[in-house]
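Subject: Structure handover

Hello,

Here is the structure for you to look through. Please open it beside this email and follow along.

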Amino acid sequence: MTPAGAGCEVVTTRSGARAMRDRETGELMHPVVGPRVEAEKLYVDASRLGARLARGAPEPLVLLDVGLGAGSNAIAAWKLSERMPAPARRLEIVSFDHTTSALALAVSAAHAPEFGFDGDALVAARALLSAGRYETPRTTWRLEPGELPSTLARVPEDSSDVVFWDPFSPRANPALWTTATFAVLRRACRQGATVHTYSAATATRSALLLAGFAVGAGDATGTGKQTTQAATDVHALARPLEGRWLERLARSSAPFPPDAPADALARVTALPQFSVR
Ligand SMILES: C[S@@+](CC[C@H](N)C(=O)[O-])C[C@H]1O[C@@H](n2cnc3c(N)ncnc32)[C@H](O)[C@@H]1O
């Protein structure tokens with residue numbers, strides 16, 4: 001794949017955290033509170049990954065890490081899984097990206113500690129880069145290289161439990177926030193799956209709804225910014241969107257993704273999660 005750091009650089013954010021910046025899009029990965037805190041709060045804690053692994057099960061819990069980037073979300077999940085006691089469920093992390101350049105820069109000697117890569121985690125990430133896969137008794141981490149959403153379409157139907165949806169923003173990555181792409185994702189999710197993303201845009205939420213997910217507000221970030229959680233089952237959501245959100249949708253200047261059908265408002269309004277319970 002691409003050489004270490006090609007197209008990206010490590011910068012210091014206004015909060016003082018170190019973060020990876022993509023030169024082409026100008027976007028920062030984990031821009032607000034920095035990669036380590038944001039990966040924990042927005043993705044690992046929000047998905048209750050520890051509790052879900054602790055429940056145990058014969059087959060692994062499958063986590064789709066969409067947008068490997070500097071590997072902050074994936075390594076936070078990997079470290080949690082490695083800390084779990086033996087009866088816990090195994091974790092299988094599948095990381096999607098068309099470049100490993102940001103991860104290669106993040107694990108370089110100059111930056112590894114600030115991106116959370118130390119000890120066994122550094123060994124795991126370097127093995128992922130060289131071999132595309134790293135396996136321990138508790139965790140499998142593998143890379144699915146290539147262009148999204150085609151790579152996502154190769155995930156077996158009904159096979160995935162948790163999704164960290166962290167591509168660049170809809171401005172830089174428009175194809176990854178459409179109804180069609182979320183429908184590909186929905187197909188890969190099995191009953192009980194949850195999806196976690198930093199975007200709380202109305203069009204993101206309506207695209208997820210139109211693709212067949214139940215949708216709710218996610219945990220707010222440290223700075224109070226809203227996020228989104230989606231699920232195959234509305235009961236998995238702490239704060240499902242309700243009638244008040246539909247009112248906002250009807251008034252929004254950007255309510256839907258570009259590929260929404262003409263009757264999108266009627267379709268969303270008729271979804272079971274909005275009927276009075
Ligand atoms: C915001 S960064 C991901 C940050 C990452 N989750 C982390 O924890 O460091 C978005 C990533 O999505 C990848 N990406 C963007 N468009 C893509 C596409 N069409 N196919 C595959 N990967 C893509 C970029 O290369 C980038 O690494």
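Leu63 has contacts well beyond its neighbours in sequence. Leaving aside those within four places, Leu63 is in contact with Ala77, Leu91, Glu92, Ile93, Asp161, Val162 and Phe164. Two residues are in contact if their C-beta atoms, placed from the backbone, lie within 7 Å.

A note on the source. This is a predicted model, where local features need pLDDT of at least 70, side-chain atom pairs count only at pLDDT 80 or more, and totals for chains, interfaces and linings use all residues. Residues are numbered from 1 along each chain as its sequence is written.

Leu63 also belongs to the largest nonpolar core, which has 73 residues. Leu63, Ala77, Ala106, Val163 and Phe213 have the most contacts inside it. Such a core is a set of buried Ala, Val, Leu, Ile, Met, Phe, Trp, Tyr and Cys residues joined through C-beta atoms within 7 Å. Buried means 20 or more other C-beta atoms within 10 Å of the residue's own; exposed means 12 or fewer; partly exposed is in between.

Now Ala201. Is Ala201 buried or partly exposed? Ala201 is partly exposed, because 19 other C-beta atoms lie within 10 Å. Ala201 sits in the loop between strand S9 (189–197) and helix H8 (202–210). Helices (H or I, at least four residues) and strands (E, at least two) are DSSP runs, numbered from the N terminus. Pro170 is 31 residues from Ala201 in sequence, and 9.5 Å away in space, C-alpha to C-alpha.

Next, the ligand. There are 21 residues around it, and Gly67, Gly69, Ala70, Ser72 and Leu148 come nearest. Near means a C-beta atom, placed from the backbone, within 6 Å. Helix H1 (35–45), helix H3 (72–83) and strand S5 (91–97) each give two or more residues to this shell.

Last, a sheet. Three strands form an open sheet in the order S1-S2-S3, with antiparallel pairing. Strands pair if DSSP finds at least two bridges between them. The edge strands are S1 (8–12) and S3 (28–29), and each pairs on one side only.

Five bridges join S1 to S2 (residues 18–22). Val10 has Met20 in S2 as its bridge partner. Glu9 stands opposite Arg21. Five residues separate S1 and S2 in a hairpin, and Gly16 in the turn has a positive phi of about 95 degrees.

Two bridges join S2 to S3. Here Met20 has Met29 as its bridge partner. S2 and S3 also form a hairpin, with Gly26 in the turn at a positive phi of about 75 degrees.

Best wishes
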